[in-house]
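Dear colleague,

I am passing on to you the structure below, which you have not worked with before. After it you will find an account of what turned up when I looked at how its chains are arranged.

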Protein chains: 2
Amino acid sequence: MSHTAMSTQIQLVRRPIGWPTAADFRTVTVELAPLAAGEVRVRNEFVSVDPYMRGRMNDARSYVAPYVLGETIQGGAVGRVIESAVESVPVGAAVLHQHGWSDVVQAEAATFRVVPEIPGVSLSLRLHMLGMTGLTAYAGLTAIAGLKPGETVFVSGAAGAVGTAVGQIARLLGAGRVVGSAGTAEKVALLTEKYGFDAAFNYRDGDVSGQLATAAPGGIDVFFDNVGGEQLGAALDAFNDGGRAALCGAISTYNSSEPVPGPSNLSNIVTRGLKLEGFTIGNYLGLAPEFQSLMTEWMGSGKITFDETIVDGIEHTVEAFLEMLRGANTGKMLVRVGE
Amino acid sequence: MSHTAMSTQIQLVRRPIGWPTAADFRTVTVELAPLAAGEVRVRNEFVSVDPYMRGRMNDARSYVAPYVLGETIQGGAVGRVIESAVESVPVGAAVLHQHGWSDVVQAEAATFRVVPEIPGVSLSLRLHMLGMTGLTAYAGLTAIAGLKPGETVFVSGAAGAVGTAVGQIARLLGAGRVVGSAGTAEKVALLTEKYGFDAAFNYRDGDVSGQLATAAPGGIDVFFDNVGGEQLGAALDAFNDGGRAALCGAISTYNSSEPVPGPSNLSNIVTRGLKLEGFTIGNYLGLAPEFQSLMTEWMGSGKITFDETIVDGIEHTVEAFLEMLRGANTGKMLVRVGE
């Protein structure tokens, strides 16, 4: 027997200009209809807030369509089935989906993916190390940057969800030296003490090029960029000939209402024979099986560590999103939905 | 019997800041010693002036070492052997070499390459369509940008030596649409009327992005950049998803004494999954045999046209170089040495 249920959802009502504000969103609580044939109802446990979502709030051409005003913000979430009209997705099953910012979601069963539960491993990891975040790090280092053993890797935004994955995966793939930047002294300490980076620095201390040169005295071969702006400029200064950049994001520019000029040393791309390649993980899902296999093995043998910065309550999702954009998180920023 | 002979040579005596001036160079006339064992003496017919030479005048790390102050400027030249101590490089042979800006040059025979003479084809073509210039165009379109049949190609600096080669080779490799930019109305007309470009525009008329959008209404897939600066920005605006840029040069920035900020739309690299790759032809010499074979065939069947802008007299080499940097040439800028 299917029942009605309430669902609290966060929707975009206005396209932010510069930094988003609370007035760009609304929280609605709607009554869900009884389950139709083919549907399941899921109570979310964790909802993801990610940098790329800021881009979807603009009405701009990009690799994913802009969010539709007045509709619930789409994105990764994990939860558990609480009602089901489909045998293959039974009540109690853990599921991963893209229905986004809500506490309870109801939709076609095919839009949910049942994920195996790993003893001792929180379902939340499906939203980072064991999910798109880890795959993004892996694809960027392998398919895009072609990391070779012994090379030096520089990661910007290294204490974030993708950054902590990049640093550890780079090491496991044989990088000779791994350096990272972050925006607080605490994060910088964490990079070398917990995440195994050989050197790290605080980009807010200024002279990013100088700090990078000190951290990587032999130059860098691979740059995994989550930040853009002056960190890209510093990487262009530090690149050895034939260096490769996997450009994953540019969080430093997402909330600029004015155009931000690029670095003034782009001519190094020619003179040093560099390759800069942007990528979005949607084009590299074919790497998921090999990544899943490697990451499961690495996690099982204790070779991967991670942090989660958790905000409780679906009603605080916008705050969590904004805090993430400001860099308040270490590791993955998540909203825990609770009962 | 070997004789002494006079050689007039152009040397760099001061590193230019911004635009080079005559005072950065000196012209010396030296007496060459009688030929030693293993040497040949060559009277140049054509000496090349190329954009990359501006970079070598700086004391900056690059793919080729900076020019040494007080030494003769090195670079491509073609001539004919006038004395020889080596049987395999006989008097009268046409040779290609890198000894640069002089009328008569004497050196180890191994530093000269004997080139076959093609009836009706000027030796000067070894310095452009049949030489490094053509190979640069070919390597950029194939190995770097991976041009596929039917795609739209945009070439900046399209009326220059490399640009005219890129436009024609792109068409011969199956490009669906070829558009180019140049700096005068005359050059723009030449691109469509002589070189077979589908559309062309004058970047000095402003709104480069708007002009490119009009010239390539379906967007661009491949960008071959000789210019940098705002043309790179326009290309980033025009790229279709998965676009590739072969960055060959950035002549717009070579004479800037102040840093020139990059374009403000670099984030398109991420959102559209673009690849920007700089290259220097020295790393792609392996493509020379296939290129030589194709280009010889294309030229033989009248499929390639070209222009030469010729300055007479080795003593005018610096002027020719500066005129080339200012864009005064159509096609290849050359110095004809004369008797």
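**The axis and the interface**

Of the residues of chain A, A:Gly262 comes closest to the rotation axis, its C-alpha lying at 2.0 Å. Please keep in mind that this is a predicted model. Chain A can be laid on chain B by a turn of 180° with a shift of 0.0 Å along the axis, and the RMSD is then 0.0 Å; the two copies are thus related as by a two-fold rotation axis.

As for where the chains meet, 30 residues of chain A are in contact with 30 residues of chain B, and because 100% of the interface residues of chain A are also interface residues in chain B, the copies meet through the same surface. The area buried between chain A and chain B is about 2300 Å², with carbon and sulfur atoms giving 58% of it. In chain A, the residues that lose the most area to chain B are A:Arg61, A:Val270 and A:Thr271, which together make up 26% of what that side buries.

The side of chain A that touches chain B divides into 15 nonpolar, nine polar and six charged residues.

Finally, strand S13 (275–278) of chain A pairs with strand S13 (residues 275–278) of chain B in the antiparallel sense, over three bridges, and there A:Leu276 has B:Leu276 as its bridge partner.

With best wishes

Technical notes:
Residues numbered from 1 in each chain as written. Chains lettered and ligands numbered in written order. Predicted model: local features only at pLDDT ≥ 70, side-chain atom pairs only at ≥ 80, totals over all residues. Heavy atoms only, no water. Least-squares fit on C-alpha atoms with pLDDT ≥ 70 in both. Contact = heavy atoms within 4.5 Å. Buried area = accessible area lost by both parts, 1.4 Å probe. Helix = DSSP H or I, 4+ residues; strand = E, 2+ residues; numbered from the N terminus. Nonpolar A, V, L, I, M, F, W, Y, C, P; charged D, E, K, R; others polar. Pairing = 2+ DSSP bridges.
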